[in-house]
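Hi,

As promised, I am passing this structure on to you, and my notes follow below it. Have a look at it first, then read on for what turned up.

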Amino acid sequence: MEQLNNLLLPWYPAIGGLLLCLIIRCVYLKIALKVLHCISDKVNLPIFEDALKAFERPIGFMLFILGLYTFFTQAPFSSQSHIVFIEKLLRSFIIFSFFWGIYNVTYTTHSLMIKLLDRLGIHAEPTVAGILSTMAHIFIIIVGFVAIAKEWNYDITGFIASLSIASVAVAFAAKDALANVFGSFVIIIDKPFVVGDWISANGIEGIVEKVSFRSTCVRTFPQELVYIPNSLLSNTPIINYNKRQKRRIDFYLNLTYNTKRVQLEKLTSKIKDFLKSKDYIISETVEVNFSNFNDSSLDVRILCYANNPDPTSFRSLNNDINLGLLDILEEEGLSCAFPSTSVYFENKLTTRTENEL
């Protein structure tokens with residue numbers, strides 16, 4: 001028995017390290033994960049839940065590999081020639097487990113990107129988040145491959161150089177597409193508009209329906225669907241009508257020349273009182289003045305601001321204002337002028353009789 005103990009004594013650290021890692025792995029899979037899932041359910045964090053599911057298998061695999069690594073590095077082998085190879089192999093598996101977990105996390109990038117874009121105020125279509133997720137997958141695979149290759153002392157300079165040459169070739173071949181991609185990033189970061197906004201850009205006016213990596217879809221008021229490349233939108237002035245905090249109302253009321261001064265003064269006063277009585281009009285901005293003598297009318301300028309810039313509401317309130325002005329004109333017995341021309345003859349015109357004809 002004593003000889004057996006003496007024989008096994010050098011193996012105790014290796015066996016102990018392996019058993020410890022296996023026990024930790026078992027505790028993690030059977031107890032720790034359940035506790036973490038319960039905490040995630042109580043605090044209602046979908047992102048945390050996704051991360052747990054993404055790293056569940058990779059961490060279990062990593063703990064198993066870590067136990068094997070501890071065993072082989074602590075075991076008293078008579079020949080150590082193969083230990084270096086085994087250590088590199090096990091370290092490669094640990095690196096693989098780490099990038100495996102990150103790769104699994106990027107599977108949730110689709111929903112994460114949608115939420116992130118929503119937080120930024122850009123309700124992009126799901127394909128945008130899918131493209132970002134695919135880009136993340138490719139990046140993680142490349143970085144993981146480089147890390148494992150470096151572990152085996154491979155020269156990755158040529159690989160990186162080939163990637164650089166390939167990226168330059170792709171950039172030249174698809175420069176217009178890349179310009180649209182960068183334009184979409186400008187739109188996402190700068191946020192000149194969001195889906196549902198009424199905009200005017202590049203000669204197109206309408207409501208933004210969706211934003212993709214290539215283009216922005218705008219529904220014009222005649223109901224055409226126009227796709228504007230993002231590269232154009234990132235380099236052209238954009239008018240966002242929804243960003244207005246108030247909307248200007250400015251027009252002329254053209255009265256006939258037989259309107260008296262007293263009538264004009266009374267009219268302007270009643271129009272001011274009428275506009276200030278409306279909740280949708282900012283009363284401090286109301287201006288009603290006899291503006292000028294036009295060719296065929298006396299012009300009264302009406303200027304004010306509405307505090308509701310929504311297009312539908314504005315049309316409704318504009319209708320209300322116009323009907324109110326008609327009532328005031330009828331009450332005062334006034335009428336609007338229309339363009340007319342008077343012709344005067346210096347000599348009196350004579351008419352021919354039927355006999356002369």
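The side chains of K270 and E331 meet at 2.7 Å, N to O. I call a pair a salt bridge when a side-chain nitrogen of Lys or Arg is within 4 Å of a carboxyl oxygen of Asp or Glu. K270 sits in helix 10 (residues 261-276) and E331 in helix 11 (residues 311-332), so this pair links distant parts of the chain, 61 residues apart. Helices (H or I, at least four residues) and strands (E, at least two) are DSSP runs, numbered from the N terminus. K270 and E331 also belong to a network of salt bridges that links them with K266 and E332.

Before going further, please keep in mind that this is a predicted model: local features need pLDDT of at least 70, side-chain atom pairs count only at pLDDT 80 or more, and totals for chains, interfaces and linings use all residues. Residues are numbered from 1 along each chain as its sequence is written, and side-chain values use heavy atoms, with hydrogens and water left out.

Now the other charged pairs. The structure holds eight salt bridges. Side chains of opposite charge can pair when their charged atoms come close. One of the eight joins K278 and D320, whose closest N and O atoms are 3.4 Å apart. K278 lies in the loop between helix 10 and strand 7 (287-293), and D320 in helix 11, so the pair ties together parts that are 42 residues apart in sequence. Both residues are partly exposed, K278 at 21% relative accessibility and D320 at 28%.

R219 and E209 form a salt bridge as well, with 2.9 Å between the closest N and O atoms. Since R219 lies in strand 3 (residues 215-220) and E209 in strand 2 (residues 204-211), the pair ties together parts that are 10 residues apart in sequence. R219 counts as partly exposed at 25%, and E209 is partly exposed too, at 38%.

Strand 3 also holds T220, which is buried at 9% relative accessible area. The T220 side chain makes a polar contact with the side chain of E224 at 2.6 Å. For that term I count a pair of N or O atoms within 3.5 Å; within protein, one must be able to donate a hydrogen and the other to accept it, and residues adjacent in sequence count only if both atoms are side-chain atoms. Leaving out residues up to four places away in sequence, T220 touches I204, E205, G206 and V226; contact means heavy atoms within 4.5 Å.

What about the nonpolar cores? The term covers sets of buried Ala, Val, Leu, Ile, Met, Phe, Trp, Tyr and Cys residues joined through side-chain atoms within 4.5 Å. The largest has 24 residues, of which I249, L253, L267, I271, L275, I281 and I321 touch the most other members. Strand 6 (247-255), helix 10, strand 8 (298-306) and helix 11 each supply at least two residues of this core, and helix 11 gives the most, with six. Neighbours within four places in sequence aside, L253 is in contact with L267, I271, L298, D299, V300, I302, L329 and C336. A second, separate core of nine residues includes I187, F193, I199 and V211.

R261 and F290 are 29 residues apart in sequence and 9.9 Å apart in space, C-alpha to C-alpha.

Finally, some figures for the protein as a whole. There are 11 helices and eight strands, and 31% of the 357 residues count as buried. Among contacts between residues at least 6 apart in sequence, 64% join residues at least 24 apart.

Happy browsing, and all the best

Note on methods. Buried < 20%, exposed > 50% of the residue type's maximum accessible area, 1.4 Å probe, protein only.
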